[in-house]
Amino acid sequence: VVMIAIICVPEWILTEYLLTPEFTGIRRVIAGLSFGIVALGSNRILSHYFIGSGNIRYSMFCSVFGLVILLIAGFVLIPVLGVFGAALTSSIAYTGMLVFSLIVFTKQTNTTFIELIPSKDDWKALRKKFII
């Protein structure tokens with residue numbers, strides 16, 4: 001939700017009030033990074049699970065997998081798209097890390113991907129917890 005709000009901020013507000021005119025085009029970079037930021041945050045949860053359960057190697061393999069994706073995507077996208085390509089490269093690597101972690105997590109815990117999607121009851125319980 002926060003990333004959507006940040007993406008919706010007009011660029012003129014960023015370049016005239018928050019930053020300087022040298023940051024023209026920053027909105028496109030933020031958009032390229034936005035999905036990766038969400039994926040990285042989600043992956044951190046799974047990484048903490050692996051480390052806390054004593055499976056540190058899964059967290060390490062995930063990082064190596066992300067590095068390989070980063071190198072491949074970086075060599076392809078950065079020369080063509082510049083700074084925006086670097087943002088996309090990061091998002092692709094973070095998303096790949098999340099997918100890797102999700103696959104390992106579901107195999108390790110015998111869950112399905114469907115079980116990871118919040119149900120209506122989950123949303124109701126969350127709403128009940130935070131709204132009187």
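So, leucine 33 sits in helix H3, where helices are DSSP runs of H or I with at least four residues, numbered from the N terminus. Keep in mind that this is a predicted model: local features need pLDDT of at least 70, side-chain atom pairs count only at pLDDT 80 or more, and totals for chains, interfaces and linings use all residues. Residues are numbered from 1 along each chain as its sequence is written, and side-chain values use heavy atoms, with hydrogens and water left out.

Is leucine 33 buried, exposed or partly exposed? Its relative accessible area is 28%, so leucine 33 counts as partly exposed. The cut-offs are these: buried is under 20% relative accessible area, exposed is over 50%, and partly exposed is in between, using a 1.4 Å probe and protein chains only.

What does leucine 33 touch, not counting residues up to four places away in sequence? Ala87, Ser90 and Ser91. Contact here means heavy atoms within 4.5 Å. Threonine 20 is another story: leucine 33 and threonine 20 are 13 residues apart in sequence and 20 Å apart in space, C-alpha to C-alpha.

Okay, the helix itself. H3 has a kink of about 35°, centred on leucine 33. The bend at a residue is the angle between axes fitted to the seven residues ending there and the seven starting there. What about the span of H3? After H3 comes glycine 54, with a positive phi near 85°.

Which residues of H3 are buried? They are Val29, Gly32, Ser34, Gly36, Ala39, Asn43, Leu46, Ser47 and Phe50. These buried residues pack against helix H1 (2–8), helix H4 (56–81) and H5.

Now for the packing. Two packed helices are described by the angle between their axes and the distance between the axes. For H3 and H5, that's an angle of about 25° and axes 8 Å apart. Axes are lines fitted to C-alpha atoms, for helices over the stretch in contact, and angles run from 0 to 180 degrees between N-to-C directions. So H3 and H5 are roughly parallel to each other. On the labels, under 35 degrees is roughly parallel, over 145 is roughly antiparallel, 65 to 115 is roughly perpendicular, and the rest is oblique.

Next pair: H4 and H5 pack at about 155°, with their axes 8 Å apart. H4 and H5 are therefore roughly antiparallel to each other.

Let's stay on H5. From its first C-alpha to its last, H5 reaches 39 Å with 27 residues, close to the 39 Å expected at 1.5 Å a residue. Threonine 89 is part of H5, residues 83–109. Threonine 89 has a relative accessible area of 2%, so it is buried. Leaving aside neighbours within four places in sequence, threonine 89 is in contact with Leu70, Ala73, Gly74, Leu77 and Ile78.

What follows H5? Asparagine 110, with a positive phi near 55°. Most residues other than glycine have a negative phi. Asparagine 110 lies in the loop between H5 and helix H6 (120–130), and with a relative accessible area of 70%, asparagine 110 is exposed.

How values were computed
Helix = DSSP H or I, 4+ residues; strand = E, 2+ residues; numbered from the N terminus. Expected span 1.5 Å × (residues − 1).
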